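Thanks for coming. I'll go through a few contacts and surface features, then stop.

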Amino acid sequence: MDAVPYLAGISAILALGLAFFFYRLVKSAPPGNDRMVHLMTEIQSGARAFLKQEYTWVAGFVVIMAVLIPLLTGVALSFVSYILGAVLSAGAGYVGMTVATMANARTTQAATEGPAKALPLAFRGGAVMGFSVAGLSLLGLALTYLLFVEWLSVDDPFEIFTAFGLGASSIALFSRVGGGIYTKAADVGADLVGKVEAGIPEDDPRNPATIADNVGDNVGDVAGMGADLFESYSGSIIAPIALTAFSFAVIEETQATGDAIAASGVGLAQLMFPLAVAFVGMLAAIVGSFAVRGSAQGDVKSLSRQLHMGTNVAMGLTVIGTILVGLWFFTGDDFENWWGLPISVIGGLAVGWAIGKVAEIWTSDHYAPVRKIAQQAETGPATTVLSGISAGMVSVAASVILIGAGVLVAYWGGQQTLLGDDTANGIYGIAVAAIGMLATTGVVVSVDAYGPIADNAGGIAEMSELDPEVREVTDALDSLGNTTAAIAKGFAVGSAALTALALFKTFEWALRLEDPSFSLSLNVGEVDVFIGLFLGAMLPFLFAALTIDAVGRAANKMIEEVRRQFREIPGLREGAEGVNPDSARCVAISTQASLREMLVPGALAVAVPLILGFIDVDTLGGFLAGALVTGFALAIFMANAGGAWDNAKKHIEAGAHGGKGSEPHKAAVVGDTVGDPFKDTSGPSMNILIKVMTIVSLVFASAFV
């Protein structure tokens, strides 16, 4: 078992090697004609400029937190792992964005030869992001564990280890919020003025906001999403390790048993099992990435089958590997049934897949919910919006039932393998189920990041005025990308619920470690817990409102700028030769607005649990519980409602209900505009919000008691 951290680190290096291999493949593909190369360069420049400014702003927050953590907790070296988590998360986002902006024009050029060429290229561009995220995260965690726990044997090594997760969460929160505000401000401005008011196609070169929209796809849906999944993956591994470490440390304090973890094969197995599952999942994802090939047919169904092949292969191999790890770790007198914890992991994997399937059913135009929204567009924007809200809410019910079933299976699995405290064992089972959901992160993120690349490819095809058949290919790829994005969000938010529960229990153990007589109360009959519960239930709604308002304000500036250019630049609306829009002005508007608007929601997520923790820990406990429940429900609702509106619009644009330019199409564009901040700003931020508040509480637990 002692070799497991080294094996995990080696698998992470292999993943990074694969990312470099895919980078070389993408770079070697032809980027197209001069116009396509120019557009690609413009998008790259805008995305790099935004990320440089965003990371400069966030660096200030990281420095403040790096000072506060050791100052308030007394764990001096925790700032090292905190900064490492933040730097690796930012690095993964930057690498993924760089390659995605390189892959867009190349995917457009490949689309001239058909979907069989375009699909694998877009996927490989996304795979650079996927395996950079998974590889850097696992490598960082393995090195942090080896350095502080094994090589240096420092005091409080697991307090240092958990700070890595807070660093990753800090970058993820601001990247998701800032990138989400940027992309949706540009998208809303481009759609409402371009498609609805001016009556020009999406991504038309006459539209000044088109370049900003394409930049936004990369900074929000690639860099922001990558930081999100980096944080989710890191948190899912940290939670069961920290849970084990803090629980055994409490046993050591209260029973004076010596070094409890070192003396117990049970403790060592529980520490190593999450890293072993991550190792297995990483190898499975690497193999699965080679299973994605093109489809000559070009229809969305066949493309979907090819794209999901990689995920399915990776999941199957992970199941086999997890069973073998269970046999290796949990046979012997110290354990009851070796198969219990593997069932927990496999159950988490199955539930993650099922939540993704729910997302597909509610966001793909192959199923009734999206077709119903498209039909409702015939009676105007109001019924379109109502139908989308309803679909999103129903999908919450299905996802909650799945999470409930997954929690029960995982809890039972933990009890079947581990001896002793049934509750603690069950919570450990839930914690490792979250790793099951994200074990194949490399290929899951690859499939997700593929979507923005396909979207950009369509924009470049339109702006380059290529043959309409090329746009048909990229539209098919893009439509599938909306569904794959919703599936990845399902994995992320499902794991967030399980990880947050495990981190919450770890928070309780950390409080007891500081004061063995302490007992965290979650009795809603206690007034402080009751108040905390309602405060927690409120915060996700407030957070969503702040981010949606931020998109609205930024979009308003964008709309006014696009209208001004159409009004003041002669010949722009008519497409006169030699007349070009001022795209740089629109890029600057989105950049400035998103950076300014991301600060308040981001700071709120960190400040509120700290304030409550110093006032009353039981209130903080109720607060975290309330935020977990409402945050999960809002995340699912917003992601699926937004995806459904978007694909209802695309369904109409494909020719249904009057096609492009019809009144139903205009109604669907309004619905899509409402859904944009739902699915790409507020919704995806919820799972980060849940875990940021929980891990902040855990890292600062020693300061609260």
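Predicted model: local features only at pLDDT ≥ 70, side-chain atom pairs only at ≥ 80, totals over all residues.

**Salt bridges, a helix pair and a patch**

The partner of glutamate 568 is arginine 564, and the two form a salt bridge whose closest N and O atoms are 3.0 Å apart. Arginine 564 is also partly exposed, at 27% relative accessible area. Why are glutamate 568 and arginine 564 separated by about one helical turn? Because they are four residues apart in helix α16, which covers residues 527–568.

The search over the whole structure gives 22 salt bridges. One of them joins lysine 691 to glutamate 231, with 3.1 Å between the closest N and O atoms. Lysine 691 and glutamate 231 are both buried.

Next, lysine 649 and aspartate 646. Their side chains meet in a salt bridge at 3.7 Å, N to O. They are three residues apart in helix α19 (residues 617–653), so about one helical turn separates them. Are they buried or exposed? Lysine 649 is buried, and aspartate 646 is buried too. Salt bridges with shared partners tie both into one network, whose members include Lys184, Asp187, Asp478, Lys650 and Asp672.

Now the helix packing. Helix α10 (residues 340–363) packs against helix α12 (residues 381–417) at an angle of about 175°, and their axes are 7 Å apart. An angle over 145 degrees counts as roughly antiparallel, so α10 and α12 are roughly antiparallel to each other. What residues make up the contact of α10 with α12? There are 15 nonpolar, nine polar and no charged residues.

On the surface, Val287, Leu317, Ile320, Ile323, Leu324 and Leu327 form a nonpolar patch with about 490 Å² of accessible area together. Helix α9 (residues 300–329) supplies the largest share of that patch, five residues. Leucine 317 sits in helix α9, and at 34% relative accessible area leucine 317 is partly exposed.

Last, a buried leucine. Leucine 438 belongs to helix α13 (residues 422–438) and has a relative accessible area of 1%. That is under the 20% limit, so leucine 438 counts as buried. Phenylalanine 491 is 53 residues from leucine 438 in sequence, yet their C-alpha atoms are 7.0 Å apart.

Conventions:
Residues numbered from 1 in each chain as written. Heavy atoms only, no water. Axes fitted to C-alpha atoms, helices over the stretch in contact; angles between N-to-C directions. Helix = DSSP H or I, 4+ residues; strand = E, 2+ residues; numbered from the N terminus. Parallel < 35°, antiparallel > 145°, perpendicular 65-115°, else oblique. Nonpolar A, V, L, I, M, F, W, Y, C, P; charged D, E, K, R; others polar. Patch = residues over 30% accessible without salt bridge, like charges linked within 9 Å, V, L, I, M, F, W, Y side chains within 5 Å. Areas by Shrake-Rupley, 256 points an atom, 1.4 Å probe, with all protein chains shown as cover. Salt bridge = Lys/Arg side-chain N within 4 Å of Asp/Glu carboxyl O. Buried < 20%, exposed > 50% of the residue type's maximum accessible area, 1.4 Å probe, protein only.
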